Each structure stands twice: as C-alpha cells, then as structure tokens.
Amino acid sequence: MELELRHLRTVRAIADTGSLTKAAATLGLAQPALSAQLRRIEKALGGALFDRDHTGARATPLGELVLERARVVLPAVSELQAEAVRFANARGALDRFRLGGTHGPLLGGLVDRMAAAHPSAAVSTYTSWSVDEIASLVIDGRLDFALIGTCGESAPPLADRLVWEVVGVDPVFVMLSENHPLAAEAELDLAALADESWADVPGDGCFADCFTAACARSGFTPVSVFETDTSSVVHLVQVGRAIGLCRATFPPTPGVVTRPLAGAPLSWRHLVGWHPHSPAADAAAGTVAGATREAYAEAVSRSPSYARWLGAHPRFGTVA
C-alpha cells in the first residue's frame with residue numbers, strides 16, 4: 001500500500017484526539033474501519049505508530065517521526081489547493097474589477113471611477129456586513145479587491161495573507177433628528193447622551209465593545225442599541241426613536257444632522273485590500289487604491305462641516 005494524504009490525516013487525527021474512538025468520530029468513520037486502516041498504515045510504514053491501551057493512544061517514536069512530517073506536508077497541500085482555486089478564479093481578472101465592500105459610503109464612488117477609467121472592463125460589486133466574508137472571497141479569488149472598514153487600530157481580517165492600505169480615517173459621529181434638543185450644538189459630549197437609545201449597523205470586529213467601553217468611560221451604560229440596516233437606522237433617528245452612530249463621511253440626509261463627539265472617542269479606518277499574488281492586484285493595485293482615496297476625499301467634501309472639523313483634527317482624514 002502506498003501512503004496517501006488521507007493516511008496522514010488519519011494519523012494526525014488520532015494524535016490530536018488521543019484515542020481511536022474520538023478520531024473515528026472526527027473523521028466520520030466507524031471505529032473498526034479506522035482500526036483496520038491504521039493497521040494497514042503501520043504495515044506500510046514498518047512499525048507501530050501508536051501505543052494503545054484503555055487510556056487512549058500515544059505516538060511511538062516512529063509515530064512522532066510521521067507526525068512531524070505530516071504537520072509540514074498537510075498544511076502545505078492545503079495551501080497549494082487554496083492557491084490553485086484562487087488562481088483559477090482569478091483568470092481573466094486583468095480585464096475586470098470585482099469589488100467587494102461593506103455597506104459604506106465609498107463603494108459607489110469607487111465603482112464610478114473604475115468604470116470611467118476602464119470603460120472596456122467589467123466592473124462588478126458584492127456587498128456584505130461581514131468583512132471576514134469579503135476577505136475570504138478575495139483569498140479564494142472570487143473578488144479582486146475589498147473595500148472595508150475597521151474600528152480604531154484593530155487589524156483587518158486575514159492581515160497575514162492580504163495586502164491592506166488605509167485610505168482614510170474618520171471619527172465616529174452621532175446622527176440626531178433635526179428636531180432633537182441638541183441638534184444645534186456644534187459638538188456633543190458622549191455623557192450628555194446617556195439617557196438616549198442608540199442605533200447602528202451590524203458587522204464583524206470590535207466596534208460594539210469599543211462603543212460600550214467609551215460609554216463606560218463617560219459614566220453610563222447604553223439604555224438600548226438597535227442593530228439594523230442603514231435605512232432603518234436613519235428612520236429611527238428621523239422619528240426621534242434613537243441616536244445613530246455613523247462615520248463622519250455619512251452623506252447628508254433629510255431630517256438628520258450629524259455631530260462630532262468631544263475628544264473623538266471612537267474612530268473608523270477605511271481600507272482597500274487585495275491578494276499580493278493576484279494578477280488583478282499586480283496590474284491595478286495602485287489604480288484602485290488611488291481611486292478609493294479619491295472616493296473618500298469626495299465623500300468628505302460632501303460634508304462641509306466635516307471638512308471644517310478636519311482642519312482642527314489633522315490625525316483624521318485622507319491617508320497618503
């Protein structure tokens with residue numbers, strides 16, 4: 001019998017679980033079938049791989065040698081398979097731009113710029129609340145570029161496998177009904193909003209925890225937080241049901257005013273990312289990153305009050 005990858009996976013499963021019974025459950029096999037397979041593997045390799053008794057299974061010196069090699073070979077093969085899938089899905093990416101993004105203010109501006117700059121290329125989009133999902137699609141070669149946001153200085157998803165560029169940093173503003181008693185204030189203390197209900201959009205990452213921590217530093221716990229889509233957040237704000245949390249680049253909206261929080265206790269980074277070995281990234285990373293910065297600058301310009309605020313807060317705004 002020739003040794004196969006499935007045999008290495010069997011040996012690793014037994015070592016990881018510490019028993020044939022648990023390994024059989026992990027692999028979806030009947031224990032007698034797993035025992036018979038292990039005997040064939042041991043015969044092919046020339047000796048026992050595990051000492052087995054009523055307490056479980058422990059690797060023999062020969063088993064440790066096999067496990068040492070398996071821990072190198074199996075991840076390498078998995079990575080090869082993932083890279084092959086990504087490469088196959090990326091074919092033809094030089095004449096198309098598949099953009100993935102969260103539900104933010106920049107994706108539309110990026111699409112507009114890429115379509116204008118490359119009129120013969122197909123530009124498509126995919127949106128999701130989950131930055132992890134979008135990053136995974138870039139890894140698989142199903143998207144060429146990801147446009148996402150992260151809270152504060154938190155790392156973007158799959159930072160060890162994708163290239164990420166920060167294009168802009170926003171403070172987190174609050175959205176108030178234009179009829180709210182504090183709507184005329186130029187800046188708000190978070191503590192002044194202690195008795196309010198809140199609304200924001202869902203997503204991965206630490207933003208909810210960071211918001212709760214910021215409220216705690218201001219001496220209160222939020223009364224309630226509605227997690228819902230952007231349209232519902234705007235509606236709840238317009239009717240005075242809640243105060244919304246938004247990026248400072250949130251576009252002007254009828255019936256709503258946006259105001260900065262004193263001390264900017266929360267921030268949001270806009271990033272564009274791609275796979276470092278993607279043909280699309282090699283050909284257009286600079287173009288897409290530059291176009292994203294232009295889209296961000298345009299979003300800032302749509303809010304004169306935010307543009308003025310940036311003049312006094314240079315750590316925010318476009319990142320070169």
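This is a predicted model: local features need pLDDT of at least 70, side-chain atom pairs count only at pLDDT 80 or more; totals for chains, interfaces and linings use all residues.
Residues are numbered from 1 along each chain as its sequence is written, and side-chain values use heavy atoms, with hydrogens and water left out.

**View 1. The largest pocket has a volume of about 620 Å³.** A pocket is an open set of points on a 1 Å grid over the protein atoms alone, with protein on both sides within 12 Å along at least five of seven lines; lining residues have an atom within 4 Å of a point. Grid points are joined across faces, edges and corners, and a volume is the space filled by probe spheres set on the points. Look for V201, P202, F207, R247 and W268, which lie nearest the centre among the 34 lining residues. The lining has 20 nonpolar, 9 polar and 5 charged residues. Here Ala, Val, Leu, Ile, Met, Phe, Trp, Tyr, Cys and Pro count as nonpolar, Asp, Glu, Lys and Arg as charged, and the others, Gly among them, as polar.

**View 2. The second largest pocket has a volume of about 170 Å³.** Its lining residues include F173, E185, R259, Y306 and W309. Helix α10 supplies the largest share, 4 residues. Helices (H or I, at least four residues) and strands (E, at least two) are DSSP runs, numbered from the N terminus.

**View 3. The largest cavity holds about 80 Å³ of space.** A cavity is a set of grid points where a 1.4 Å probe fits but cannot get out, and the count comes to 2 cavities of 30 Å³ or more. Among the residues lining the largest cavity are T102, L147, R247, W268 and H270. Strand β5 gives the most, with 3 residues.

**View 4. Strand β9 is largely enclosed by the rest of the structure, because 5 of its 5 residues are buried.** Buried means under 20% relative accessible area (1.4 Å probe, protein chains only). I243, L245 and R247 are on one side of β9, and G244 and C246 are on the other.

**View 5. Strand β9 pairs with β6 in the antiparallel sense over 4 bridges.** Two strands pair if DSSP finds at least two bridges between them. F173 stands opposite C246 in β9. Strand β7 (residues 198–200) pairs with β9 in the parallel sense over 2 bridges, and the bridge partner of A199 is G244.

Conventions:
Buried means under 20% relative accessible area, exposed over 50%, partly exposed in between (1.4 Å probe, protein chains only).
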